[in-house]
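Here are a few exercises for getting to know a new structure. Have a go at each one before you read its solution.

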Amino acid sequence: MDKKFVIGIDLGGTKINTAIVDFQGNIIEQINIPTLASEGENVVLNRVIQTIDEVLNKSEVKIKNIRAIGIGAPGPLNSKEGTIITTPNLPFKNFNIINPIKEIYNVNTYLDNDANVAAIGEHTFGAAKGSNNMIYVTVSTGIGGGAILNGGIYRGNTCNALEVGHMTIDPKGPLCNCGNYGCAEVLASGTAIARQGRQAIEKKAITSLTKYSNITAYEVFKEAKNGDKVCNEIVNKSLNYLGICIANLVSIFDPEVVIIGGGVSKAGEIVFNVVKDVVKIRCFQILSDSCRILSAELNANSGVIGAASLALREENIL
Ligand SMILES: [Zn+2]
């Protein structure tokens, strides 16, 4: 067996998902373990190494068959150096994660932030395959983004471009976790939708949400679909903000395709209908007519397939 595989590692705050992936984007073997982020940076690094060993042991693939390793992790980070700068859900502070892995396995190793990695995955094996200019937006707990421009990943000056969740949408809006006011993330993320649902109950609004003990964006979307007026207002308002965020991206980048992924995109048609309407209203017609707005295809495996795609791309295999 030649070097016909790469390893993709999705390093998250709660779990590490590691897979051996072939050059066609097929997962050969996969392993998933808790991150144990609270136990410190060396423990987490060792757990990453443990997943590489275990996924190789489970399969017939040997380390000599691995062309490269790709890692996706939450930012901000420095992908050129392989350093995770700091992130709320992982213990790393200016920690170089790729050098120890390169040393152990003698395999080229690459790091990028989770949204860039998902963008690369969708562009390589998912909904944006074949496009030259694409924007990826993930809407779940937070909002993140990535861009492939002129066929290549656009990282920006400090490797942290496309922080779309912290684009100001309403200067008078609520306080965001980042310290700014009215960011897209605090107005249109799954967390924002859930928060507004809970606030509606606190304000004694007449809503079917009162039957739930725990309200997430899922319940708000569900009750909106069932005709609840309050939920429909929350959903429409939030998706309108998401639409503004995406319209701004379309106006800046003139992409062929915008891919929306993350938990909120699973609410389906309503998300895409509202976003497409807002883009149509706010962008030049030539831009909105030529830009497709599609759902992500890689879903639960977007992290590992994306990290594997990063490795394939950096090695100029694809
Ligand atoms: Zn923010």
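Keep in mind that this is a predicted model.

**Exercise 1.** Work out how close the axes of helix 1 and helix 2 come, and which residues meet there.

*Solution.* Start with the axes: those of helix 1 (residues 41-58) and helix 2 (residues 98-105) come within 11 Å and cross at roughly 35°. Next, check the hand: helix 1 passes helix 2 in a right-handed crossing. Now go down to residues. Helix 1 brings Leu45, Val48, Ile49, Ile52 and Asp53, and these meet Pro100, Ile101, Ile104 and Tyr105 of helix 2. Sorting the contact by class gives eight nonpolar residues, no polar ones and one charged.

**Exercise 2.** Find the order of the strands in the open sheet of three strands, and say which strands sit at its edges.

*Solution.* The order is 5-6-7, and the pairing is antiparallel. Strand 5 (77-78) and strand 7 (93-96) are the edges, as each pairs on one side only. Zoom in on strand 5 and strand 6 (residues 83-86): they're joined over two bridges. Here Leu77 stands opposite Ile84 in strand 6.

**Exercise 3.** Track down the largest nonpolar core and the residues with the most contacts inside it.

*Solution.* This core has 52 residues, with Leu242 and Ile246 having the most contacts inside it. Helix 7 gives the largest share, 13 residues. Then look at Ile246: leaving out residues up to four places away in sequence, Ile246 touches Val137, Val258, Ile260, Val275 and Val279. Finally, another core lies apart from this one; it has 32 residues, including Val44, Val48, Ile71 and Leu77.

How values were computed: Residues are numbered from 1 along each chain as its sequence is written. This is a predicted model: local features need pLDDT of at least 70, side-chain atom pairs count only at pLDDT 80 or more; totals for chains, interfaces and linings use all residues. Side-chain values use heavy atoms; hydrogens and water are left out. A nonpolar core is a set of buried Ala, Val, Leu, Ile, Met, Phe, Trp, Tyr and Cys residues joined through side-chain atoms within 4.5 Å. Buried means under 20% relative accessible area, exposed over 50%, partly exposed in between (1.4 Å probe, protein chains only). Helices (H or I, at least four residues) and strands (E, at least two) are DSSP runs, numbered from the N terminus. Contact means heavy atoms within 4.5 Å. Axes are lines fitted to C-alpha atoms, for helices over the stretch in contact, and angles run from 0 to 180 degrees between N-to-C directions. A crossing is left-handed if the near helix is turned anticlockwise from the far one by less than a right angle, and right-handed if clockwise. Ala, Val, Leu, Ile, Met, Phe, Trp, Tyr, Cys and Pro count as nonpolar, Asp, Glu, Lys and Arg as charged, and the others, Gly among them, as polar. Two strands pair if DSSP finds at least two bridges between them.
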